[in-house]
Amino acid sequence: PTAEERKLRDLYNAFMDQAALEKIGLANAQADLDKIAKLQTLADVAAEMGDVRLNLDGPFGIYLGVDDKHPSNYSVNLYQSGLALPDRDYYLRDDKEIADTRVAYQKYLAQVLAFTGASDVDARASAIVKLEHDMAVASWPAADRRDAEKTYNPMPIKDLEGMAPQFPWRAFLGAAAVPMRSPKGERMVIVSERSAFPKLAEVFAATPVSVWRDYLTVRYLHAFAAYLPKKYDDADFAFFDGVLRGKTAQLDRA
């Protein structure tokens, strides 16, 4: 095999070797988890959310695309994000099925936090659910997010900072390797849910760093559950595929 083919083979073999994953435990993830555990400021938190390598997300997401109204240009797109449940209504409605889903989600969060050796996991899981509820309140409903005109709001970085000053945009964008200037001058970004951004920035600033650390920890363990020991993968499947999607059995790795 070529060098690239060997990489693919080794990746596949490592993924299939469940015994080795159990033996390794969180060793390969520990550096990332330790970094999250050491976050001290909100700027640190924003930078961690901007690291696209980790796929952690937060109240704002980012992607590079093609400008919808100037298709010869690439664009830096920013949008509301941060909710683990499928839609904001899962946090805002109180009919029994949705309320039961929130209870199951909080139990999942407490379970995963307990796996990491955390203490007082029920209270910490409750704080994460409260944080996501507050982000849901600030977020746009799905119908508005489907409106192409409403979600096309180009602006320079300085206007973004003026619109939502409570969020450390330069730390976030810097971690995402987005330069503050382009060949045409100040960097332009396209904001999707414009009126939600100031409210989400307020939620971000009002949330203690300790809660953000727990939030990012469980987001990380969710994003990489398939590559971690079986208990993480099983807990992830039980909630995200079982509770949310009604699946009863997980497919074999093969």
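Q: Which residues line the largest cavity, and how is a cavity found?
A: The residues that line the largest cavity are Ala84, Tyr105, Tyr108, Leu109, Val218, Arg219, His222 and Phe240. On a 1 Å grid over the protein atoms alone, a cavity is a set of points where a 1.4 Å probe fits but cannot get out, and lining residues have an atom within 4 Å of a point. This is a predicted model, in which local features need pLDDT of at least 70 and side-chain atom pairs count only at pLDDT 80 or more, while totals for chains, interfaces and linings use all residues. Residues are numbered from 1 along each chain as its sequence is written, and side-chain values use heavy atoms, with hydrogens and water left out.

Q: What is the volume of the second largest cavity, and which residues line it?
A: A volume is the space filled by probe spheres set on the grid points, which are joined across faces, edges and corners. The second largest cavity has about 30 Å³, whereas the largest holds about 40 Å³. Tyr108, Val112, Leu221, Ala225, Tyr232 and Asp236 form the lining of the second largest cavity.

Q: Why does the span of helix 13 agree with what its residues should give?
A: The expected span of a helix is 1.5 Å times one less than its number of residues. For the 14 residues of helix 13 this should come to 20 Å, and the end C-alpha atoms are 18 Å apart, which agrees. A bend is the angle between axes fitted to the seven residues ending at a residue and the seven starting there, and helix 13 bends by about 25° at Phe237.

Q: Is Phe197 buried or exposed?
A: Buried means under 20% relative accessible area and exposed over 50%, with partly exposed in between, for a 1.4 Å probe and protein chains only. Phe197, which lies in helix 11 (residues 196-206), is buried because its relative accessible area is 0%.

Q: Which residues is Phe197 in contact with, leaving aside its neighbours within four places in sequence?
A: Contact means heavy atoms within 4.5 Å. With those neighbours left aside, Phe197 is in contact with residues including Phe60, Leu78, Trp169 and Val191.

Methods:
On a 1 Å grid over the protein atoms alone, a cavity is a set of points where a 1.4 Å probe fits but cannot get out, and a pocket is an open set with protein on both sides within 12 Å along at least five of seven lines; lining residues have an atom within 4 Å of a point. Helices (H or I, at least four residues) and strands (E, at least two) are DSSP runs, numbered from the N terminus.
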